[in-house]
Amino acid sequence: MSALEYFNDTHQMVRETVRKFVEREILPHVDDWEEAGEFPRELYHKAADAGILSINAPEEFGGTGEDVFMKVAACEELVRCSSGGLCASLGSLDIGLPPIWKWGSDAMKQKVVPEVIGGQKISALAITEPNGGSDVANLRTRAVRDGDHYVVNGAKTFITSGVRADYYTVAVRTGDKGYGGISLLLVEKGTPGFSVGRKLKKMGWWASDTAELFFEDCRVPAENLIGPENGGFYCIMSNFQMERLILAVTANSTAQLALDEAMRYVKEREAFGRPLAGFQVTRHKLA
Ligand SMILES: Cc1cc2nc3c(=O)[nH]c(=O)nc-3n(C[C@H](O)[C@H](O)[C@H](O)COP(=O)(O)OP(=O)(O)OC[C@H]3O[C@@H](n4cnc5c(N)ncnc54)[C@H](O)[C@@H]3O)c2cc1C
């Protein structure tokens, strides 16, 4: 099967929509936004209006329904904006929101999903902690049940959309050590005991908002539990599948973008009386 056979006419339409969105709404400003270290929040509204934020979301909330190749097509086009950071922050709902529509209560879904895919609210996923990210089963942020609340203590770091998010899907330890003691909680911005720390400076992805989060006796309503108590590790790993795919597509599309730019440059730039593309060593490198 050739790659083209995975994409139907609807996927092609989505591709066109995202391509136009990138050309009209992002490319004219993207260098300034990278320098500024953020992009206007209004871009979420515009992306929602263009239908970009509802790709893959359940149809009952106005989304397209699950369609991996639609997500891939949209991602390939969004990457053409040349800012991985903008793609990451604009797309943080792709990792923060699915656990809510898959495993959240009906009330939670009804409240959170339409606001996020509508661009009014921002969703983030908070797994990584200062002591480690790869070893998810070892996370330490503790949530202790106290009546109809969980009391959360701990910290998270490297959280995409960490400063600006309204809804955080947070991994916590509710049980014993290891993967069997982890749960997911929805924490809303403004919950007493929850605070956002520094916006982190990074080598790249400057337009992405990346932050630390702190929980100090933060009381989270028990109904904010996402999925079964102590069953969070399964939800996290299942959620990672899509994140891994999107990151792979992002990496591949970024490499393609770099190659396209290099091809353009070697035809335009001249040295020793001919374009760089006229030198065999340059052509070898590009091949
Ligand atoms: C820009 C950015 C955005 C991010 N956004 C988010 C987000 O939104 N939400 C979130 O929760 N996290 C986020 N992260 C965190 C990211 O998921 C972690 O950085 C990642 O999981 C790795 O964790 P770590 O940085 O603690 O590295 P470590 O786990 O300390 O790993 C360090 C190195 O050791 C290697 N290593 C670790 N374990 C093993 C092993 N068993 N065998 C061999 N090698 C190993 C790793 O590959 C890595 O090279 C983000 C990170 C960055 C940089």
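Visitor: Before we start, which residues count as nonpolar, which as charged and which as polar?
Guide: Happy to set that out. Ala, Val, Leu, Ile, Met, Phe, Trp, Tyr, Cys and Pro count as nonpolar. Asp, Glu, Lys and Arg count as charged, and the others, Gly among them, as polar.

Visitor: With those classes in hand, how do the residues of the shell around the ligand divide?
Guide: Keep in mind that this is a predicted model. In it, 13 residues surround the ligand, and T128, G133, S134, F158 and T160 are the closest. By class, the shell divides into 7 nonpolar, 5 polar and 1 charged.

Visitor: What is the distance between the side chain of S134 and an oxygen atom of the ligand?
Guide: Let's take the backbone first. A backbone N or O atom of L125 lies 2.8 Å from a nitrogen atom of the ligand, and a backbone N or O atom of G133 lies 2.7 Å from an oxygen atom of the ligand. For S134, the distance from an N or O atom in the side chain to a ligand oxygen atom is 2.6 Å.

Visitor: And how much of the ligand's accessible area does the protein cover?
Guide: On its own, the ligand has 970 Å² of accessible area. The part of this that the protein covers is 42%.

Visitor: Is N56, with its positive phi, buried or exposed?
Guide: Most residues other than glycine have a negative phi. Phi of N56, however, is near 85 degrees, and N56 is found in the loop between helix 3 (42-49) and helix 4. Buried means under 20% relative accessible area, so at 11% N56 counts as buried.

Visitor: What does S82 count as, judged by its relative accessibility?
Guide: S82 also has a positive phi, near 75 degrees, and lies in the loop between helix 4 and helix 5 (84-90). Its relative accessibility is 49%, and the exposed class needs over 50%. Therefore S82 counts as partly exposed.

Conventions: Residues numbered from 1 in each chain as written. Predicted model: local features only at pLDDT ≥ 70, side-chain atom pairs only at ≥ 80, totals over all residues. Heavy atoms only, no water. Near = heavy atom within 4 Å. Polar contact = N/O pair within 3.5 Å; in protein donor to acceptor, adjacent residues only side chain to side chain. Areas by Shrake-Rupley, 256 points an atom, 1.4 Å probe, with all protein chains shown as cover. Helix = DSSP H or I, 4+ residues; strand = E, 2+ residues; numbered from the N terminus. Buried < 20%, exposed > 50% of the residue type's maximum accessible area, 1.4 Å probe, protein only.
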